[in-house]
Amino acid sequence: MISNWSAVAARTFRTVRGSTAPMTHALIGLCCLLFLLGPAAGLNPAYGSGGELLAVQRAYFRRWGVIPAELFDGPAREALTPATALFVHGSWVHLLGNMLFLYVFGAMTEERMGRVQFTLFYVGCGYLALLGYAAANAASEQSLVGASGAISAVLGAFLYLFPGARVTSLLPFLFFLPLRFPAWVVLPFWAALQWLAAGRAPQGPGVAYLAHLVGFALGFVFAWVRFGRPTKVKAAPAPAPEGENQP
């Protein structure tokens with residue numbers, strides 16, 4: 001069994017190392033690994049079940065997630081939580097949705113930025129997006145986890161760098177027919193939906209729309225300042241992004 005896992009790990013490492021977007025794949029792998037090892041996956045019987053498992057999950061999210069009320073008035077270690085929260089996800093849907101969009105939009109963005117710059121961009125914008133959400137909800141005791149701020153930054157950068165790239169979208173009011181639109185149509189439309197939803201979102205558990213908006217704006221501005229004129233591409237098939245849930 002150990003030898004089988006070692007072989008799988010070795011093949012995965014070779015694939016990541018030889019890819020054109022190794023950091024995108026590494027970030028996806030790290031998020032998936034931490035999720036599988038943590039209590040949110042529900043796979044490890046050592047965490048218990050039922051009410052016991054829920055208690056462990058809440059404690060886990062409070063330990064590694066952002067708690068706005070404690071971020072600015074708590075101990076110094078709380079300043080690290082906007083970075084650790086980027087690698088914590090609350091459910092399978094939360095994880096898989098985020099990783100899908102990181103995989104699709106992250107590869108081209110990383111190729112354009114370069115490995116080191118993309119990694120710093122991802123973590124830095126994700127940190128600032130969660131920090132912005134916490135500042136706007138400074139009294140909240142709700143744990144905030146997930147990579148939505150960082151991935152939204154990738155979407156913002158993708159929009160500036162590849163505005164003509166074709167994005168495959170599934171529109172519910174058209175019976176989820178797959179249609180292809182330029183990124184300059186799909187991504188601003190998504191950002192507008194986040195803006196509208198953020199104004200209506202109640203306090204408490206739900207979708208961190210404000211973190212999406214802050215990350216998206218940061219990513220777009222960074223790409224604008226850093227790279228100047230956008231890149232011309234013929235096509236880049238990708239699903240339209242959706243919001244993410246936090247526990």
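How many nonpolar, polar and charged residues are there in the lining of the second largest cavity? The answer is given with the second view below, and every view is taken from a predicted model.

**View 1. The whole protein, as a setting for the close-ups.** In this predicted model, the protein has 10 helices and 2 strands, and reading along the sequence gives the pattern α-α-α-α-α-α-α-α-β-β-α-α. Of the 247 residues of the protein, 41% count as buried.

View 2. Rolling a probe the size of a water molecule over the atoms shows where empty space is left. For this protein the count comes to 2 cavities of 30 Å³ or more, and the second largest cavity, shown here, has a volume of about 30 Å³. Its lining is made up of L34, F35, G38, P39, A40, Y60, F87, V88 and H89. Sorted by type, the residues of this lining divide into 7 nonpolar and 2 polar, with no charged residue among them.

View 3. Across the whole structure, a search finds 8 aromatic pairs. In one of them, the rings of F118 and F121 have their centres 6.5 Å apart and their planes at 40°, so this pair counts as tilted. F118 and F121 both belong to helix α7, which covers residues 115-136, and they are 3 residues apart, about one turn of the helix; both of these residues are also buried. The rings of F118 and Y122 likewise form a tilted pair, because their planes are at 35°, with the ring centres 6.3 Å apart. F118 and Y122 are 4 residues apart in helix α7, and therefore about one helical turn separates them, while both F118 and Y122 are buried. Together, F118, F121, Y122 and F222 form one aromatic cluster.

**View 4. Two places where an arginine sits over an aromatic ring.** In one place, the charged end of R63 sits over the ring of W64, at 4.2 Å from the centre of that ring. In the other, the charged end of R226 sits over the ring of F227, and here the distance to the ring centre is 5.0 Å.

**View 5. Helix α10 and the residue that follows it.** Helix α10 runs through residues 209-227 and has 19 residues, and from its first C-alpha to its last it reaches 27 Å, close to the 27 Å expected at 1.5 Å a residue. The buried residues of α10 are A211, H212, L213, G215, F216, G219, A223 and F227. After α10 comes G228, whose phi is positive, near 70°.

**View 6. F158 in helix α8, shown with A183.** F158 is found in helix α8, which covers residues 148-161, and F158 counts as buried because its relative accessibility is 1%, under the 20% cut-off. Although F158 and A183 are 25 residues apart in sequence, their C-alpha atoms are 8.1 Å apart in space.

**View 7. L193 in helix α9, shown with Y209.** L193 has its place in helix α9, which covers residues 183-200, and L193 counts as partly exposed because its relative accessibility is 41%. From C-alpha to C-alpha, L193 and Y209 are 9.2 Å apart in space, while in sequence they are 16 residues apart.

How values were computed:
Residues are numbered from 1 along each chain as its sequence is written. This is a predicted model: local features need pLDDT of at least 70, side-chain atom pairs count only at pLDDT 80 or more; totals for chains, interfaces and linings use all residues. Side-chain values use heavy atoms; hydrogens and water are left out. Rings of Phe, Tyr and Trp (its six-membered ring) pair if their centres lie within 6.5 Å; planes under 30 degrees apart count as stacked, over 60 as edge-to-face and the rest as tilted. Buried means under 20% relative accessible area, exposed over 50%, partly exposed in between (1.4 Å probe, protein chains only). A charge sits over a ring if NZ of Lys or CZ of Arg is within 6 Å of the ring centre and within 35 degrees of the ring normal. On a 1 Å grid over the protein atoms alone, a cavity is a set of points where a 1.4 Å probe fits but cannot get out, and a pocket is an open set with protein on both sides within 12 Å along at least five of seven lines; lining residues have an atom within 4 Å of a point. Grid points are joined across faces, edges and corners, and a volume is the space filled by probe spheres set on the points. Ala, Val, Leu, Ile, Met, Phe, Trp, Tyr, Cys and Pro count as nonpolar, Asp, Glu, Lys and Arg as charged, and the others, Gly among them, as polar. The expected span of a helix is 1.5 Å times one less than its number of residues.
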